[in-house]
Amino acid sequence: MRAALFWIFSTAAVGSALGVVGSLRSPINSALSLVVSMLALAGLYILLEAQFVGLIQVMVYAGAIVVLFLFVIMLLNLRGSGAAGAENQPIAKALGALVAVAGTLWLARTLAASRAPWPDVEASFGTTQAIGEALYTDYVLSVQVAGVLLLAGIVAAVVLAKKKID
Amino acid sequence: MAMSTVWVSIFLFALVLLAFAPVMTWVERKQSALMQDRIGANRASILGFKALGLIHPLADVIKMITKEDTVPTGAHRFLHLVSPFIAVAPAIISFAVIPYGGVYELWGTRVSLTVADLDYGVLYVFAIGSIATYGSMLAGWAGNNNFGMLGSIRVSAQMISYEVALGITVVGLFMIFGTLRLTDMGILQQETFRLFGFLEHAGVVGKGNGFVDAVTIPMWGIVLQPLPFFMFLTALMAENKRAPFDTPEGESEIVAGYFIEYSGMKFGLYMMGEWIEVVVISALLTAMFLGGWSIPWVREAEMIAAWTPVLGENMANLAAMVLAVHVFLIKVIVLIWFQMLIRWSMPRFRYDQVMNLGWKILLPLSLANIVITAFGILIVQEVTR
Amino acid sequence: MTGHENAALRWIPLLPLVAAALSGLWLVFARRELPRAAVIALACGAPIASFAISVVQVFQLATALPADARYYTDNLYTWISAGDFHAELAFLLDPLSAVMVLVVTGVGSLIHIYAVGYMDDDHREDHGFQRFFAYLNLFTFSMLMLVLGDNLLVMFVGWEGVGVCSYLLIGFWYLESANAAAGMKAFVVNRIGDFGFLLGIFLLFWAFAAAGVPTIEFREMAANVGLVAGQTLAVPDWLSFVPGYPSVPLLTLACLCLFVGACGKSAQIPLYVWLPDAMAGPTPVSALIHAATMVTAGVYMVCRMSFAFSLSPGAQATVAWTGALTAFFAATIGLAQNDIKKVLAYSTVSQLGYMFMAAGVAAYSAAIFHVMTHAFFKALLFLGAGSVILGMHHEQDITRMGGLRRRMPVTWLTFLVGVIAIAGVPPFAGFFSKDEILLAANLAHDIPGHHTLWLIGLATAFLTAFYMFRLYYLVFTGHSRADHHTQDHIHESGKWVLVPLVVLAVLSLIGGFFGLPDAYGELVGVQESNSLHHFLQPVVNAPAHEIDHATEFRLAALITAIGLAGIALATLLYYWRKDLVAGIVSALGPLYALVRDKYRIDELYDLVIVRPLGAISRGILARGVDQGLIDGVGVNGTASFVRATADGALKYLQTGFAQSYLLAMVLGGALLVAWLVRGA
Amino acid sequence: MGDISGFHFQIVAALIFSIGALGVLLRRNMIVMFMSIELMLNAANLSLVSFSRELGNDQGQILAFMVMVVAAVEVAVGLAIIISLVRNRDTVNIEDTSQLKW
């Protein structure tokens, strides 16, 4: 059942990632593909026993970040991309896809040599409690730095979005 | 988790949803009529049989299903189609973690009255709740209508804003209970504490003072965190976009807001979604703040142990289970009624007032609550050590 | 040390500093003057209060402590601490600094009071009145730091401080460029001396550190000076061909460096040229800084370092001869000057030479004695000259004066006292100090040519008496040579001016009795009447000369006679037979012109030092090094190189499209990853 | 868990990362480019979490969490920049904003 879930989620994630990049008609479509990709990734996290990260993935990415994208797209009323002609560059696309596939294959070949089954983990692995304890003991400095970063981000966003640069 | 538990839970799940949601239309009508000194909702009848207006939901459903489903020109057809479902689905699946009762041994089978007793229960509700934003947001945009667009922008801003306050408000409660699992919260809330225990710790009275030992209070969330209960309720209601927080659909300003271009059952889905969410809110609050399925001052395990000699083990468990479900539903109904009361008492806030309440009142208060709670926990730990 | 600590000392320099800061900062921030009464109270109150504290402390010092352990210290905090080196911000009150403190605060207070009257007509746009007193108080503070400093570094702070204040006050009337230039000259010449002083400090510390006592504190150095006496300078091999050089004693070298500093500050050959020009400042400044206090700092410093000078005969001889030559040289210039303040300025240089001569022949107490009496009568003379200048409406040329005796009676009388005092007529103050110096010079057998020194001293005394009385006769007697307009407005000065004059006149009259030689005292039955000498003896440690009283009296009579001879000659030429002067001048011809032009020393310096230096600076340093090398190659060269590179090649990499940058970034990242996993 | 292991997750991560990189490099719409950057970040997160599972410790998850924090900040600031850009130049086409040159 887990293998099936993996295939479902990973197909959804990769497919919708392609949707993000490939939907030329409207950025809204890209954003919606992005949500699907994020949710699929959250599923993959939960398959990896990382429940907390998975939940946060849903809350932060699907619940906040992409909503913010949508919000901006709506606020700016970007119905079409407005640059459909510029988006059409078949040679570059083909070349890029070729490089990406080649790179992935090379990576696969490299990684295949070191495939190993997963170890068993205790029940608390990846739970909110485990991550919380790690965050507030060993990584408390990172948490505080992250807090400062968020504050700086808030201030920067407010200043940037509010000020009219003449 | 044995398969049988799932079946019981899903049975209850369907019961609550299918029973409550349509009935909510009737409840709402009756409540508003009552408050506005009308009779209300008494016209629909089958062969002259009115049943206090309970026929009305049925009539509504028939009307909605049979109405024409319009799609405006220039609309994003796919999004216009899926948005109502995106709006309703999160509300429904939120129920998965709501505990209607504890875990019972029935004829050798463990029966849990929770569909998915998740370790990260509350977090799950929040995560699912944040998805609900899309349903409303995309609806307004997909309809290719300027009012709908305005509604979309309002709804996304409002829901993102209140999600912040929503999560932070209950952190104090998490700190006290030390868990996010709703069933654990239910069990913990069956405990009691001595209201005047501090006198003993302060040395005013000696150990074993009869009065101090007698006066006990259930350790319900609302007792431990009274202010967050109301803040949480406020934030949830704002998330649900019902009056007085219904600026995204404010009729007097932007006609009907984000679902302006919807008709028929698609429109009905938005109505349904709101009502289901009313139930979700009530259930969540009950589980977290009002002691869940428990009766005050009664530990369920002790109760079963007391009944076992009389009824036998299986029947005692069964009785406790039935009692638990009823207690839970009663509390939910009270909270639904309370929400209706607010819905019909308060006028709609202005949009800036909504935002100010979220960012300038709820958020600072909830942050302060975390600090105060932390100090409180430290003091209690220090004193009772 | 406990019994010697005295926290009152810090207030002596601090009070003037506070006053200066208050009035100065008020000007900076409020941009307007305080009420005059407030300025006067602040400016005069501070030095007077310092004087009062000094009197009390010195009295305590003299009475409460035994003669061989007579000192107070006040340690504020450790100023610098680096390795072995420690410099405390500390003050020291011992007999030597006691005398100086009393002179500085006492005479200083009188001059502050005088300045109130003198500067009264200053109503300039730049708040001159308050600014002047801020500077003056700042000067008092610096001078007190110099005098009270417990180590060379604190002394150096005061030393530089008085230099700055001197610069500020010489150029006080900066609207005339000549005044500003005079201030600059004083500053630059002083810097040369200060450099020597600093080198001396470094050498001393080096020497003491090498001897195992790293210190610059006076009392510690004095106690351990024996350890460094034998040290010679370690010379690099390539200098060893210089005859005698390898054996230069370190202590002598240090003393010579210190003496360079003293020469700059105290206007000795060859660095005396700034002092006559410094007369551009207001007259109270000339009196306070350029006669009574600052210029004697060099003498004070040499006396303070007497323990070192006493151990280096070479340095002592240098000091003595420099002083004697300066004394004579400046006196000759003084003969032919017509500006009332210039005459006094050269007289000051001459008298400072006297003091150095005394210090050089190890008669330190005599030097300090002369510092004190000179402060009295020279301040009196300058203030009197100031009064005259006020009365004559800022006329300073003595050929345009005359006959002021009746118009300015108080000024006349007090000025006369000063002139007699400087001429060396007993029992006025100047006689006793000069007598002691010349006696010491006569007896200084270890100084090469000490009899010549003595003769030079006598000749200087004669010249001094002559030119001072020439000045007196030209200003106060005969008929007025001023124009009618000025004549009509000649008036006696006000009380602010006259009171300090009278006080100083009294001091000039009786000041000599502080150091009445023992021989005279015994005539009237007083033992050890030279109280100043005995007071200072433990600190300056001068060798005692045994001489019978008869010889002492004979020498004194000789000095008196010389002085009277000078007075007589002046009376002859400028009172009885004025017609003779023109003949003598024309007979002397070019020699007179040379003296009148101050031997053209300024022109010589200009030709030998200033112009070559300017040419080198402009031609090589400015044009070659600064503009060519630093600007041309360093700054502009770098810029043009970068510009050429960027313009030629790099700019084409910059397309302006974010995605081309991104592509480069991704490729770079990919290459990096490929390199990192190359082995796998 | 059948034959599913870290290898598979890493390949998925690599694919998503490549797709995101191609999006950043090929698309001209700034908002879509920005979304592609998010894809790349998520791919990296997936890789981290997968390693975390493979090694059996939670450090990878913590790092992924921190990446999310940074991503949130980045989105807030980045979208603010895009908003002010659109207000001033009325375009989201990256080719229209080529002032970063000589």
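Analyst: First, the ground rules. This is a predicted model, where local features need pLDDT of at least 70, side-chain atom pairs count only at pLDDT 80 or more, and totals for chains, interfaces and linings use all residues. Residues are numbered from 1 along each chain as its sequence is written, while chains are lettered from A and ligands numbered from 1 in the order in which they are written.

User: Why is α1(A) called roughly antiparallel to α2(A)?

Analyst: Helix α1 (residues 2-22) of chain A and helix α2 (residues 27-47) of chain A pack at an angle of about 155°, with axes 8 Å apart. Axes are lines fitted to C-alpha atoms, for helices over the stretch in contact, and angles run from 0 to 180 degrees between N-to-C directions. Angles under 35 degrees count as roughly parallel, over 145 as roughly antiparallel, 65 to 115 as roughly perpendicular and the rest as oblique. So α1(A) is roughly antiparallel to α2(A).

User: Which residues make that contact, and how do they divide into nonpolar, polar and charged?

Analyst: On α1(A), they include A:Leu5, A:Phe6 and A:Phe9; on α2(A), they include A:Leu34, A:Val36 and A:Leu47. Contact is defined by C-beta atoms, placed from the backbone, that lie within 7 Å. The residues divide into 13 nonpolar, seven polar and one charged. Here Ala, Val, Leu, Ile, Met, Phe, Trp, Tyr, Cys and Pro count as nonpolar, Asp, Glu, Lys and Arg as charged, and the others, Gly among them, as polar.

User: How do you know how α5(C) and α6(C) run relative to each other?

Analyst: The axes of helix α5 (residues 152-170) of chain C and helix α6 (residues 177-210) of chain C come within 8 Å and cross at roughly 170°. The two helices are therefore roughly antiparallel to each other. C:Trp159 and C:Tyr167 are among the α5(C) residues there, and C:Phe187 and C:Phe197 among those of α6(C). The contact holds eleven nonpolar, five polar and two charged residues.

User: What makes β1(B) and β2(B) a pair?

Analyst: Two strands pair if DSSP finds at least two bridges between them. Strand β1 (residues 103-106) of chain B and strand β2 (residues 109-112) of chain B have four bridges, in the antiparallel sense. B:Tyr104 stands opposite B:Val111 in β2(B). The strands form a hairpin with two residues between them, and B:Trp107 in the turn has a positive phi of about 50°.

User: How many residues of chain A are in contact with chain D?

Analyst: 73 residues of chain A are in contact with 65 residues of chain D. α5(A) gives the most to that side of chain A, with eleven residues. The side divides into 55 nonpolar, twelve polar and six charged.

User: And how many residues of chain C are in contact with chain D?

Analyst: Ten residues of chain C are in contact with ten of chain D. The chain C side divides into five nonpolar, four polar and one charged.

Technical notes:
Two residues are in contact if their C-beta atoms, placed from the backbone, lie within 7 Å.
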